[in-house]
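The sequence and structure come next.

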Amino acid sequence: MAAVLKKRALAEYSHSQTVTADQESAAGPSVKKVRLTRRSEQPSTQAEGYLQILQRAKTSRESLQALTSLAELSPAQVEDVGGVVRRLLEVFSRDQETAVRCAVLRLVQQLVSAAGERAHLASAADELTALLERETSSSVAGQCLSALSELGALSGGEARLSARLVAAARPRLSHASHQVAARAAALLGRLLPVSPQPTDDLTQLGEATRAQDPRVRCAALQALLTLHGRGLSLGGPLYADAVAALRDDYESVREAGLQLVHVLAQTAPERLVPLAESDQTVRLVDDAFGHICNAINDLSVRVRVRAATLLGSMTAVSTKFLEQTLDKKLMSNMRRKRSGHERLRTLVVRGEWSSGKKWGDDAPKEQLQADTVSLMSSGACGAFVHGLEDEFLEVRSAALESMTELATLHPHFAEMSLDFIVDMFNDEIAEVRLRAVDSLSRIGQMITLREDQLDEILAVLEVYSIDTREGLHRMLGDCRLGNTDSLKLCVEKLLKNLKRYPQDKRSLWRCFQRMGAAHPDLVLPLVPSLLHIHPYFQLPEQDVQDPAYVCILLLVMNAAAGSPTMMALLDDNTRRHFLYLRDTLPGMVPDRLPGQAAAAAAAAPSPSTPAAARDNAAEFLQSVLRRAAEPGAGRAALEQCRRDLDRLAQIDSALSARAQFASTYIHCQLLMAQVTGDASWRAGTAAGPARLQTSADTLTALTLRLQHRFSGLEADEWAAVRQLRLRLLALRLVLQVRGRTGSALALGEHFLEQAQQLERHLVDGGQPLDAFTEALVRGLEALEERKAGAMARVLAPLLTDIPVPPLRLRSPLTQAEAVIFEPRQETEHPQKFTAGLVLGIPLDCELRHVSDVSQVRLRVQYPDQRAQLVLPRATDFRPLDEPASYRLRTTVLVSHQVWSEDGEVEISVVLDVKEPGCKVLRQEDWLIALCDAVRVAVQPRAVRRNVI
Amino acid sequence: MPEIKVTPLGAGQDVGRSCILVSIGGKNIMLDCGMHMGYNDERRFPDFSYIADGSLTEHLDCVIISHFHLDHCGALPFMTEMVGYSGPIYMTYPTKAIAPILLEDMRKVAVERKGESSTSFFTSQMVKECMKKVTAVNLHQTVQVDSEIEIKAYYAGHVLGAAMFHVRVGDQSVVYTGDYNMTPDRHLGAAWIDKCCPDLLITESTYATTIRDSKRCRERDILKKVHECVERGGKVLIPVFALGRAQELCILLESYWERTNLKVPVYFSLGLTEKANNYYKMFITWTNQKIKKTFVERNMFEFKHIKPFDKSYMENPGPMVVFASPGMLHAGLSLNIFKRWAPDEKNMLIMPGYCVVGTVGHKVLNGAKKVEFENPRTVVDVRMAVEYMSFSAHADAKGIMQLIQYCQPKNVMLVHGDAEKMVFLKSKIQQELSLDCFNPANGETCTIVTKPTIAADVSLSLLKRDLQPVAEIGDLRVKRRKLMHGVLIVKGNKVRVLDSDAACAELGVTRHEIRFTSTVTLEDPGPVSRTIDKLHTHLQKRLGITQHLGDGPINIGSVLLQVSGSDQEDLKEAIVSWTYQDDALGSYILNSIKNIDR
């Protein structure tokens, strides 16, 4: 129906114009212009058309349709907003139908807010206020109020307008209809002036929180919240209203009430409020905390989630109340019973472990008096215990989150909550379990683990989920251990973990490193047993490749840094292993051990300080660059520079990115010179030998790498890279035209587009063009017809005559790179799978300095040289601590048909930098490898026929 | 006064044989129809002769079964087929599916093992016939039993398909909880009821004097023990009853195996479990959030690590975990396995539930190191570790209180629990919630008086007259309590409120008018008409609406004002007369005339 109307409107009102436009387009030279005018003509008539239909509408159905169509027009299509609004309001005053009038009001509001002009706003608000006075239908009045509140909010709190609107809304707050009253409350919330003194309006809103309609109550509470959000200080008397709202029958009211209680408690935490049924007073925040804790047992999930979430931000609550949240008095048959947590604690305190006979261990103890037991959970009692046991994971994770939040501020509470967090490792939902691990690592630094707790926590190391285990490793690295036994237990369990899950190696190493650094005194007595040092016998040297031994070494080395006496215990082998580790695992071991300075000095010949060494290296880099930039630097000199830079990149990790960047750039320089210096190029007619094309391909890859793999470039360095790339495109264009192997049309267009873009960009940025670009722009401007052939003729001499400018590099660069940990290079033991089906290979790698994760692909190359790109899921990327660094853990799906022997599949991480719409390069050429490919042997086996 | 009468035929101050008779609004309803597992004589079934001798159909309006445990539904075939009842029976869909399996199993055990005479016990045909009479209901579905009785089921969480029932007859309503659990577990959610404010809440009170530790603590404990045992190569035996807790434990172990990637085999002895497990897989909507969320990918009841048990596996070397029935180690497979494994101290026995005195389970739990068996006469040394783990799915005292708070009843009744435990909970309910609480014994009738609500018809005009003016102003007080003038007429069983005029007309009574008349002496020289004018203008100013025609009296509503006396006299008599209804106006005018000169 709407479509028919639209058609009719179009036919009636834009027909004549369309015809003229068509005629114009036939006559006029510029097609674009005509199209533009036509576009702006048509819609205004469209709006006009709908309006007229609306005015002539007989039935409310027609009116509604016209209104809907009007509402669908974009704001730009309605020109004279004032006029349209006036006409709409005429319709409003004429029509009797509530739905139509509501729709008109909605439309008016939409139009005026889209237009966003003050004048319209004020006049529309005036008219609507007048309408509101006369209005008898409550739904229309409600709509009117909501439109007014929108308009008022749009006016940006203009005082006069707001005052008028507030005056209109105020008496309607106590209206019999919920639609009117609720919207009046909302309006007041948004538009009441923010004054420091509590006004009557607040009292009125407080009154409205007791209205008979739940929707009004909810709206009033929300309005108060909005007012608070706008900076109004809500007075104390409202607290009683908010608390009363918590006992409401309706969940939305309870939810809003909770928020209000929370907000009030946050603003004036220290105010004293009288305690119910006694003459004592408590701090407001404590009282509110109790009320919110109560809501953890609410009937509605939404309220429970809200309550659990809010608890976390109530940091001002006193410890007494906070600790109650974990308290649940247990009893069995009227006798006091201790919880499992308490039992374990006393066992440890007593200093003995279980007798081995646990039945009856939890037998109830003393008899309880019936009067002393309170069954009603009042106040904060056991709130978190209930929250963590809730049926819904939303509540559980919110409670866990809040508990952690509070624990990070209250050390004693942190220790108490530890048991509960560990219990959550056993949750049925993986998401909650992960959150528990996360919580634990957050409070790790705050707590000293008791032996029994440690026992429980270490049991979790058995779990299959690598996230859980790694979280636990992090946490163990952070927390404090009480005594040597704990440490020993920890080490044992962690080594067991390593044995069971060898892939945890790196995470465990870090854990041992931090654990050692944190507990030098506890490690000291364990050193002989850990390292198997015997006082008389010399035991065989341990294998330094063994991950478990490396764990122990890391623990001892890092502890030794803080405990000078430990050095005396170590034998020579261990000291030598230390040197080995310092080279293989830099960053995991301390730079130097106490008392080993002499030995270290002997081992490492560079005695200068690290800082000086760094300066030296940077100096060297610059000197190489200066050498490369010397005008007479020939090919041999540049080659030498490249070699120097490559070596530097290997030696110095800090300068590696810069050195590689420079080296790549010089490589480009060399290749470019090589191509343009070639005899066949100079001859200038045919394409020349294939090696030119090969060089061009290499150049393409190199320039893409310069452009996308390095980040942190200064503006002028960036310009140099882009101009180098333009130069490459020019080179390719020339080769293509000369080669006459295919159409150069696409390449020509791409080149032109790039040139224009770059020029505009450089000019806008105030960057000087280099000589080549300068000449290029001039040359292109002189051209009449920008065809590929003509352009190539202009470009060829430029390429030959103007050499690539030398590089100036100042900024500290970073280079995108990836390290694949899993799968490891493995060609001995092929993974078997049925040919044609899919094999999942787990991949674990770290990406550094990757600015755009969405470009990352996994490239799988099969033995028959087919290659596939796999797009990892966005959720598989987990951000690491460093910026722009990610851990990617995913499964690569590999499939292959029958292959006569073991095939090697190469897996690598690449960046796909394809520019959309560019057809010049092949898919393969847009890929930038971030690391070397890992080879994994697979063995697809033929399907046995008889199976099927 | 209307009342609700409740008589427990079973489960009054006792556990087992739940059967509660409720008379409400002239209707008789039976809640649950269970059997007692402890008895083998006629005491195992409720005493139906209490209701009537012979057919029960005309004395009972409906029977509601809360869940499939035999102490809640075990006597049903006996009642319908042998005593005789053909009225409606209601239960939830899962209960209807699983109950016959259990009934049949119980019948087999009773008849074939214990050698009951087949005449005194129902047959499998009777079970089938009985189930045909059952109407299945869904959660939150309101079912109209007859024109007056209305029932609605709420989730109870105790076992699959357990429900609480809200029964409403007219204005009166009762909520019967059956067994319920307020803490969610691995496969069921927590009980939930809305604020339905019934006149009476009949709740179970199994754990009236217990507040339990968090379930996570219990779960962690059992998992740790099992893991330690299998790690050192031991075998774990877990005797369970086939339905309910067994599934809970299976899911617990299954997900732990999944999480820790354990390879040790877990076995489940089949029996009636397989059939029942199919129903568990089907009734996903009755389970908890986790299972509902993940069943599309994988149904949690399709166990990956738990395989069916074969007797020959008993002798297999190496660690394993076996679930075997029955749960109290009194007979069957679990006992056989126990005999085989008990002497090895590496092994472990975990008792997940309560054991009756006299069973092997009870002896072992109490620390017996040697257990004697008859035929063949043997003595078994118990060297294996024995653990007790409470996994019962009843609400504890706190949970019961919480449910009462959710439901907001006017009275509470405790059933399905020990008498002395009830006393404690009863006192707590009275103290902390200030509600009346009852705990009748079996056969004892409790009468609960409810507040009657009487509905009366009011004519629209009368309502409008009294309410309209306020509504027009738009005031929040609209729905507040409000006084209304009218006449209450009770005719037959219809109650109406009428306008007094209409009432008079209907009853043919002429109305007596009561008028107050008072005379005020005014000192006002001059003609009478001037005095009248003076009074008129005076009143006009105050009230605005007066009617005055010539020399006649001034009319203000029903108030008449007349001046008597002659023109010559200084003193005039003003007579003010008003009806009883306009007392306020009349007195106001009188006062105002009295003080006219001030």
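Chain B has 16 helices and 30 strands in its secondary structure. Its radius of gyration is 38 Å, whereas the globule rule gives 25 Å for 598 residues, so chain B is more spread out than a compact globule. The model is predicted.

**Dimensions and contacts**
- Along the principal axes, a box of roughly 135 × 55 × 45 Å holds the C-alpha atoms of chain B.
- Among the contacts in chain B with a separation of 6 or more, 69% join residues 24 or more positions apart.

**Burial and surface**
- In chain B, 53% of the 598 residues count as buried.

**Charge**
- Chain B carries 71 positive and 69 negative charges.
- The mean position of the positive charges lies 8 Å from that of the negative charges in chain B.

**Helix α5 of chain B**
- Helix α5 of chain B runs over residues 215–231, which makes 17 residues.
- At 1.5 Å a residue, α5(B) should span 24 Å, and this agrees with its end C-alpha atoms, which are 24 Å apart.
- Of the 17 residues of α5(B), 13 are buried, so the helix is mostly covered, with buried meaning under 20% relative accessible area.
- After α5(B) comes B:G233, which has a positive phi near 85 degrees.

Notes: Residues numbered from 1 in each chain as written. Chains lettered and ligands numbered in written order. Predicted model: local features only at pLDDT ≥ 70, side-chain atom pairs only at ≥ 80, totals over all residues. Heavy atoms only, no water. Helix = DSSP H or I, 4+ residues; strand = E, 2+ residues; numbered from the N terminus. Rg over C-alpha atoms; globule rule 2.2 N^0.38 Å. Buried < 20%, exposed > 50% of the residue type's maximum accessible area, 1.4 Å probe, protein only. Contact = heavy atoms within 4.5 Å. Lys, Arg positive; Asp, Glu negative; His and termini not counted. Charge placed at Lys NZ, Arg CZ, Asp CG, Glu CD. Expected span 1.5 Å × (residues − 1).
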